[in-house]
Amino acid sequence: MLRTLDIENIAVIEKASVDFSAGLNVLTGETGAGKSIVVDSINAILGERTSKELVRHGCDSAYVSAYFEDIPDSVAEKIAEIGYEVDDGTLLLSRKISANGKSACKINGKSATVSMLKEIGALLVNIHGQHDNQALLNPDYQYQYIDMMFSDSKLFQQYKSSFKDLISVRRKLKALTMRESDKDKELELLDYQIKELEDADIKIGERDELNKRRTLISAAEAITKALNLSLQTINGDDENNGVQSSINTCFNELVQFEQAKEISEAFADVNDKLELAKDKIDALLLDLNFDPNELEQIEERLDLLFRLSSKYGSDEKEMLAFLENAKQKRDSIVYSDIELEKLNAQYDDYFDRTVKLAEELSAYRKKIAADFEKQVKNELEFLDMPKLQFTVDFQKGNLSSNGFDKIEFLISTNPGEPPKPLAKIASGGELSRIMLAIKNILSYNDTIGTLIFDEIDVGVSGRASQKIGLKLKSVSKNTQVICVTHSAQIASNANAHFLIEKDVSGEKTYTKVSPLDFEARKRELARIMGGLEITDTLLKSAEELLLSNEFIDC
């Protein structure tokens, strides 16, 4: 459950810390005091989209953190799958929102993304507001409330997997059943590409070798001249003795003297190196003996490889991979009739299996819906709507990722009237109570630790409000409930009551959140009931309301 909420620089709240309790927590205050800001702050910590407008005017950033206790093991395991640990059943979520709209999120002190915060937040808190009422009115989403009642999701997962296989085969069939003219054009293009690449006979590393050879040939004349000059210098000619001859003369003159032994050995070493140099010169001159047309052939080959690489890949490896892929595509088209027959048979098998699972899923949903109808009727009877008939209507539609059921909630508010779609006849007050009834039923099948109701009392008053308060208190025995309300009847049922007040100091507006003791609760309930003037009669009525609720067993 949500134990502590810390807020800094969110709209008119400069700084606030709220320590929630188990059971039913209510937030009350004047209209515009900032009750919605508390809910907005919780939404922010749950990873919902925020705006830089949420940051208090004049501040660089805003900050929200939420500390949770008693995290269920099943939820802790799912959080661990995301990559975060729950230590001793506790969890700290935090989010910093900059004035430029950027966010920095943390989970137990470790950096996280907003999407991670949202994924984890969805396991911990469920917020009900006016948008939920709109979702309840939309038949496209009503099946989800039935599916939340599933005790075993194995059947649903099997259906999802089968439907995914069916769609995959259908896409392949669609790709294969292209028009014959398209097939011919595709084959013509592939044949051209394959022939062009095969005729080129590409070898990996070929372009690098050709570039090296071209460089060598381009410099061959200058290199040959330098090598011949070096050879002439070493060997000499008819007019001049070469370096090697002079070295040998020096060696022969010096070798006979013991005193010049080191010098003669040095001349002998130089002579050996000159012999090695001559061998290397001869080898390189032989290598430089090329066909005069070779350079032109190399240029033509490099030009071909360049043109092919602009179409089929940046290097030889990519071009050869393109060739292999083109051959596979050609084979798939050439043998498409065989493949088409195979896929058609596969599609029929997947379709039959998917329809069978959809029928099983529908039967299971109808069984759950029958029990769901009874539970909703019992809840609504308690909420002062004993004559309202609630029905889950099933119609068969097309196969989709959720089965073929088209589910719609129908109600009849008066005996004898046929049930009609919820969206057409439910009032705001009726809708709030129907949603509360559904939330209460789902709370027994959910691991969500905290339910938040934002002004669920819209459109109801008096006895109905009191019943809603009692129902919220009942729900809070299994799940922590936080409720923003304008109803004294609902607020009187709270285990913890917080007052949200606005204060204007100078040219700035501040909002504070304060826990209320018994006497402060009396005054707040009297204010809600009476408006501007708090009389002794209102205070006495508020006290009676508080005391009466202490003895009610929900």
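## About the model

Because this is a predicted model, local features need pLDDT of at least 70 and side-chain atom pairs count only at pLDDT 80 or more, while totals for chains, interfaces and linings use all residues. Residues are numbered from 1 along each chain as its sequence is written, and side-chain values use heavy atoms, with hydrogens and water left out.

## The whole chain

Let's start with the big picture. The chain has 20 helices and 15 strands; these are DSSP runs numbered from the N terminus, with helices being H or I of at least four residues and strands being E of at least two. The radius of gyration is 42 Å, well over the 24 Å that the globule rule gives for 554 residues, so the chain is more spread out than a compact globule. That radius is taken over C-alpha atoms, and the globule rule is 2.2 Å times the number of residues to the power 0.38. Along the principal axes, the C-alpha atoms fill a box of roughly 140 × 70 × 40 Å.

How much of the chain is buried? Of the 554 residues, 42% count as buried (under 20% relative accessible area; exposed is over 50%, and partly exposed is in between, with a 1.4 Å probe and protein chains only). Among contacts (heavy atoms within 4.5 Å) with a separation of 6 or more, 71% come from residues 24 or more positions apart.

Now for a covered strand. In β12 (residues 450-454), five of the five residues are buried. Thr450, Ile452 and Asp454 point one way, and Leu451 and Phe453 point the other way.

Which strands are joined to β12? Strand β8 (residues 125-128) runs parallel to β12 and is joined to it by four bridges, with His128 opposite Phe453. Strand β13 (residues 480-484) also runs parallel to β12, through five bridges, and Val484 in β13 is the bridge partner of Asp454. Two strands pair if DSSP finds at least two bridges between them.

## A sheet of three strands

Another sheet is open, has three strands in the order β9-β10-β11, and pairs in an antiparallel way. Its edge strands are β9 (389-400) and β11 (420-421), each pairing on one side only. Nine bridges join β9 to β10 (residues 403-412), and Phe390 stands opposite Ile411 in β10.

Gly236 sits in the loop between α9 (220-235) and α10 (243-254). Its relative accessibility is 24%, so Gly236 counts as partly exposed. Leaving aside residues up to four places away in sequence, Gly236 touches Leu231, Asn241 and Gly242.

Most residues other than glycine have a negative phi. Asn9, however, has a positive phi near 60°, and so does Asp384 have a positive value, near 65°. Asn9 lies in strand β1 (residues 2-10) and counts as buried at 18% relative accessibility. Asp384 is in the loop between α14 (336-382) and β9, and is partly exposed with a relative accessible area of 24%.
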